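These are my notebook entries on one structure, set down in the order in which I looked things up. The sequence and the coordinates come first.

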Amino acid sequence: MHNREKDGTKIIALCGKGGVGKTSISAVIVKILTRNPKNRVLAIDADPAVGLATALGIDVTKTVDDIRNDLIRRVEAGKSEDKANVVARLDYEMFSALVEKENLAFLAIGRPEKEGCYCQVNHILKDIIASLADNFDYVVIDGEAGVEQVNRRVMENVSHLILVSDASVKGLNVVKTIQDISKTAIQYEKSGLILNRIREEEETERLSIPSTPSTLHFLGCIPEDGQIRRYDMEGRNLLELPDCMAIQATRNCVVRLGIPI
Ligand SMILES: Nc1ncnc2c1ncn2[C@@H]1O[C@H](COP(=O)(O)OP(=O)(O)OP(=O)(O)O)[C@@H](O)[C@H]1O
Ligand SMILES: [Mg+2]
């Protein structure tokens with residue numbers, strides 16, 4: 001059942017440069033949120049490489065893009081259907097693409113969309129994803145690396161944007177770019193920065209955090225954690241990660257962003 005006490009679905013997206021830890025942190029956030037059996041959580045893997053599926057121990061058989069391509073093929077083959085039928089079919093297909101495990105549901109987006117004449121279909125899909133989100137207390141979106149996806153349909157309805165960086169200047173520059181674009185491309189309520197894989201306290205003091213302290217909310221650091229790295233190397237499910245400093249630090253960041261757990 002939808003947990004009404006939580007006052008609307010929190011749609012959380014993680015963005016940042018390639019390899020900074022978006023997928024690992026997304027999986028840890030899903031772990032933290034699903035611990036409470038009352039929370040209904042939807043995890044969306046928006047990276048074509050479907051890394052979140054592996055991190056959550058899920059087999060992907062159908063993606064949103066597979067559904068979309070099927071529909072486009074039908075339209076191109078001249079099979080005309082009225083809009084109500086198309087929406088009903090997409091609705092059904094979307095539910096069949098959901099993988100559900102107790103209070104966690106999972107959906108993979110697949111490859112990036114084609115632009116142009118297919119925008120009608122993209123609008124329908126965007127609406128369906130939005131209405132799907134209504135059935136959950138939290139949606140966690142693991143974004144594709146870089147800035148492109150911020151402009152696409154998947155990110156538009158995000159309420160909480162988490163920018164992830166490692167301690168590199170390159171990582172922080174990508175954060176700055178995403179922050180600039182997201183101001184117009186996303187209607188988010190709150191956003192904040194997580195610094196991941198930090199080895200020593202002093203490391204953060206040497207960092208040049210992008211020069212907009214009033215708008216960039218620093219949420220905290222997640223330490224370098226040997227177990228997270230090992231789980232990834234062995235393709236293990238991060239939901240089974242034992243309690244550690246990295247999980248506690250992630251929890252603190254989520255709370256600091258104002259997300260009730
Ligand atoms: N806090 C951490 N401690 C140790 N290793 C980490 C930590 N966070 C992430 N890693 C490791 O860093 C690598 C990249 O992490 P991850 O795949 O989560 O990044 P990503 O941003 O999703 O990458 P991509 O852009 O390729 O999708 C992985 O090997 C992961 O195990
Ligand atoms: Mg990833």
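**Entry 1: the ligand shell**

I began with ligand 1 and found 19 residues around it, the closest being Gly21, Thr23, Ser24, Ala145 and Asp232. I took a residue as near a molecule or strand if its C-beta atom, placed from the backbone, lies within 6 Å of it. Helix 1, strand 7 (190-198) and helix 8 (226-233) are the elements that contribute two or more residues to this shell. Helices (H or I, at least four residues) and strands (E, at least two) are DSSP runs, numbered from the N terminus. Sorted by class, the shell holds five nonpolar, seven polar and seven charged residues. For that sorting, Ala, Val, Leu, Ile, Met, Phe, Trp, Tyr, Cys and Pro are nonpolar, Asp, Glu, Lys and Arg are charged, and the others, Gly among them, are polar.

**Entry 2: conventions**

I note that the model is predicted: local features need pLDDT of at least 70, side-chain atom pairs count only at pLDDT 80 or more, and totals for chains, interfaces and linings use all residues. Residues are numbered from 1 along each chain as its sequence is written, while chains are lettered from A and ligands numbered from 1 in the order in which they are written.

**Entry 3: the chain as a whole**

I counted nine helices and eight strands in the chain. Of its 261 residues, 39% are buried. Here buried denotes 20 or more other C-beta atoms within 10 Å of a residue's own, exposed 12 or fewer, and partly exposed anything in between, with C-beta atoms placed from the backbone. When I took the contacts between residues at least 6 apart in sequence, 83% joined residues at least 24 apart. A contact requires two C-beta atoms, placed from the backbone, within 7 Å.

**Entry 4: the nonpolar core**

Which members of the largest nonpolar core touch the most others? In this set of 68 residues they are Ala13, Ala43, Leu56 and Val139. Helix 1 (residues 22-34) supplies the largest share of this core, seven residues. The core is a set of buried Ala, Val, Leu, Ile, Met, Phe, Trp, Tyr and Cys residues joined through C-beta atoms within 7 Å.

**Entry 5: helix 9**

Helix 9 (residues 245-256) has twelve residues and reaches 16 Å between its end C-alpha atoms, close to the 16 Å expected at 1.5 Å a residue. The expected span is 1.5 Å times one less than the number of residues. I listed its buried residues as Ala246, Ile247, Ala249, Thr250, Cys253 and Val254. They lie on the same side of helix 9, because they cover an arc of only 165 degrees around the axis. That arc is taken over the directions from the helix axis to the C-beta atoms. Met245 and Gln248 are exposed on the other side of helix 9. The cover over the buried residues of helix 9 includes helix 1, strand 7, strand 8 (218-223) and helix 8.

Ile247 counts as buried because it has 20 C-beta neighbours inside 10 Å. Not counting residues up to four places away in sequence, Ile247 touches Val28, Ile32 and Leu241. Its C-alpha atom is 9.8 Å from that of Ile228, 19 residues apart along the chain. After helix 9 comes Gly258, with a positive phi near 85 degrees.

**Entry 6: helix 6**

The 17 residues of helix 6 (residues 169-185) should span 24 Å at 1.5 Å a residue, and its end C-alpha atoms are 24 Å apart, which agrees. Which residues of helix 6 are buried? I found Gly171, Leu172, Val174, Val175, Ile178, Gln179 and Ser182. The buried residues of helix 6 pack against strand 1 (10-16), strand 6 (160-165) and strand 7.

Val50 has a positive phi of about 40 degrees although it is not a glycine. Val50 sits in the loop between strand 2 (41-45) and helix 2 (51-55), and it is partly exposed, with 19 C-beta neighbours inside 10 Å. Arg197, also not a glycine, has a positive phi of about 60 degrees. Arg197 belongs to strand 7 and is buried, with 23 C-beta neighbours inside 10 Å.
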